[in-house]
Amino acid sequence: MVDLLIKNGTIITANDTYKANIGVTGGKISVITTERIEAKKVIDASGKIVLPGAIDVHTHLQMPFGGTVSADSYEAGTRAAACGGVTTVFDFALQKKGNGLIQTAEERMALCKPQACVDYAFHLAITDFTKEVVEEIETAVAYGIPSFKVFMVYKKEGLMVNDAEICTALEKSKEVGALISVHAENPDLIDSRIAKYLEEGKTSAWYHYMSRPEFVEAEADKRAIHWAQSVDAPLYIVHLANKEGVEAVETAKAKGYKVYAETCPQYLYFNSEVYKREDGRSFVCSPPIKGEESRIKLWEALLDGTIDTVATDHCPFQSYEKDWGKDNFTKIPNGCMGIENMYPYLLSEANKGNIPFNRVVEVCSTNPAKIFGCKTKGNIACGYDADLVIYDKDIDFTITQEKMHSDVDHTIWEGVSLKGYPVMTLLRGSIVYKDGEFIGVPGAGQFLKRARLY
Ligand code: URP
Ligand code: ZN
Ligand code: ZN
């Protein structure tokens with residue numbers, strides 16, 4: 001007798017599509033069969049699809065940034081995640097100057113633990129690159145955090161590290177089985193272009209894009225890839241948004257280098273024209289959303305395997321905060337929302353025939369789990385956590401802010417029509433979302449302690 005039976009659904013994983021019953025015992029998938037199973041509780045998934053929960057490996061919840069704190073608390077962000085079929089969230093624990101890495105992780109843990117509505121893990125964002133901190137990378141891996149982020153930008157914000165420091169981080173990561181993620185843009189080009197536009201009185205959101213256009217990102221992608229190749233370390237490029245950068249990843253992969261690329265739903269759905277809209281400031285994120293050629297290339301890369309993962313870079317701000325930059329685009333806090341939209345949007349694209357469902361599962365769940373060492377997540381198979389999404393292909397859903405579950409007062413996804421929508425999310429066998437309602441429990445999410453990644 002299993003605790004829970006999900007019967008008659010069509011199971012879709014990265015590799016398979018088939019009809020079967022899933023039995024869950026103690027929060028884990030214990031049996032998958034076409035036979036009858038005795039169960040304490042039954043969910044009928046007839047006519048529905050059953051998918052692994054998404055793993056969003058790029059979020060900024062309740063994070064001090066842009067002169068404020070990102071608008072979704074850990075609770076609100078993970079609540080919205082659950083309602084969008086995300087069962088594991090990776091958040092950035094941002095090192096404060098002078099603080100150690102373990103101290104950073106523990107402070108973040110204290111904040112997240114009572115609030116987390118889904119399971120969670122951290123990347124450590126290194127911003128203060130001392131000798132001691134480099135040594136602490138190994139301790140952080142042993143602590144359960146084998147992934148790190150470095151910023152090539154955000155000098156004024158105190159987040160940027162220099163080229164030599166990135167190279168050192170890459171070398172160290174190889175030694176301890178860690179993975180370095182990089183935010184790749186060229187800071188000097190950005191600064192000089194911003195100064196020029198402001199001097200010319202060009203202050204609208206469009207000039208956010210113009211000050212960080214395609215080549216500003218591409219050049220940094222290529223530099224980061226070059227360093228990783230030179231020291232023979234793996235590299236993960238976060239929020240890749242430009243065509244030339246995709247081509248650089250393609251070339252590196254063809255040569256056999258371990259360069260992973262992530263893109264975000266906002267780069268796949270919108271193009272830079274959004275910055276000309278009246279609400280253009282809502283779309284201000286870095287790197288900015290690029291032109292149509294890049295968007296098309298990102299889709300090609302998503303389909304052909306060059307892009308490894310899709311994650312949200314969820315970093316929302318309230319309208320009044322975005323309005324700080326009405327007359328000066330540099331004052332707009334950088335970041336957009338998407339934690340509740342990523343899986344439904346990509347699954348809708350699959351439902352419309354634009355990408356296989358299996359590939360959506362691969363980039364949103366299976367690959368993130370493999371790359372970042374979530375051993376019990378990202379698949380529907382015996383022994384895996386019962387992190388599951390039940391999806392109804394026949395629902396027509398229009399995204400509006402009122403239907404979302406985060407604390408933010410607007411959404412860049414307003415009015416977008418989706419074909420199909422998740423009707424249920426289960427976290428380790430417990431229902432956390434059902435038919436539009438969050439029914440999970442803050443604090444029920446568990447920290448995912450990970451081991452070295454290779
Ligand atoms: O604009 C963005 N992406 N804000 C969050 C911080 C980052 O760069 O990932
Ligand atoms: Zn970034
Ligand atoms: Zn980010």
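Helix 12 (residues 342-351) is largely enclosed by the rest of the structure, because 10 of its 10 residues are buried, where buried means under 20% relative accessible area, exposed means over 50% and partly exposed lies in between, with a 1.4 Å probe and protein chains only. Helices (H or I, at least four residues) and strands (E, at least two) are DSSP runs, numbered from the N terminus. This is a predicted model in which local features need pLDDT of at least 70 and side-chain atom pairs count only at pLDDT 80 or more, while totals for chains, interfaces and linings use all residues. Residues are numbered from 1 along each chain as its sequence is written, chains are lettered from A and ligands numbered from 1 in the order in which they are written, and side-chain values use heavy atoms, with hydrogens and water left out.

## Helix 12

- Just after helix 12, the backbone at Gly-353 adopts a positive phi of about 90°.

## Zinc ion (ligand 2)

- His-183, through ND1, and His-239, through NE2, coordinate the zinc ion (ligand 2) at 2.1 Å; donors are N, O and S atoms within 2.8 Å of the metal (3.2 Å for Na, K and Ca), and since water is not among the atoms, sites may look incomplete.
- The arrangement around the zinc ion (ligand 2) is irregular because its 4 donor atoms subtend angles of 56 to 146°; four donors count as tetrahedral if all angles lie between 85 and 135 degrees, four count as square planar and six as octahedral if opposite donors are over 155 degrees apart and all others between 65 and 115, and anything else is irregular.
- His-183 belongs to strand 12 (residues 179-183) and His-239 to the loop between strand 13 (235-237) and helix 8 (243-254), so this pair ties together parts that are 56 residues apart in sequence.
- His-183 is buried, at a relative accessible area of 1%, and His-239 is likewise counted as buried, at 1% relative accessibility.

- Since His-58 lies in strand 6 (residues 54-59) and Asp-313 in the loop between strand 15 (309-310) and helix 11 (319-322), the pair ties together parts that are 255 residues apart in sequence.
- His-58 counts as buried at 0% relative accessibility, and Asp-313 is buried with a relative accessible area of 7%.

## Ligand 1

- Of the 13 residues around ligand 1, those that come nearest are His-60, Tyr-154, His-183, Ser-286 and Asp-313, a residue being near if one of its heavy atoms lies within 4 Å.
- A polar side-chain atom of Tyr-154 lies 2.6 Å from an oxygen atom of ligand 1, whereas for the side chain of His-60 an N or O atom is 3.1 Å from an oxygen atom of the ligand.
- A polar backbone atom of Asn-334 is 3.1 Å from a nitrogen atom of ligand 1.
- Taken alone, ligand 1 exposes 260 Å², of which the protein buries 100%; these accessible areas come from the Shrake-Rupley method with a 1.4 Å probe.

## Salt bridges

- The whole structure holds 31 salt bridges, each defined as a side-chain nitrogen of Lys or Arg within 4 Å of a carboxyl oxygen of Asp or Glu.
- Arg-79 and Asp-407 form a salt bridge whose closest N and O atoms are 3.0 Å apart; Arg-79 lies in helix 1 (residues 74-83) and Asp-407 in the loop between strand 16 (388-398) and strand 17 (417-427), so the pair ties together parts that are 328 residues apart in sequence.
- Within that pair, Arg-79 is buried, with a relative accessible area of 19%, whereas Asp-407 is partly exposed, at 39%.
- Lys-196 and Glu-200 meet through their side chains in a salt bridge of 3.6 Å, N to O, with Lys-196 partly exposed at 41% and Glu-200 partly exposed at 41%.

Conventions
Polar contact = N/O pair within 3.5 Å; in protein donor to acceptor, adjacent residues only side chain to side chain.
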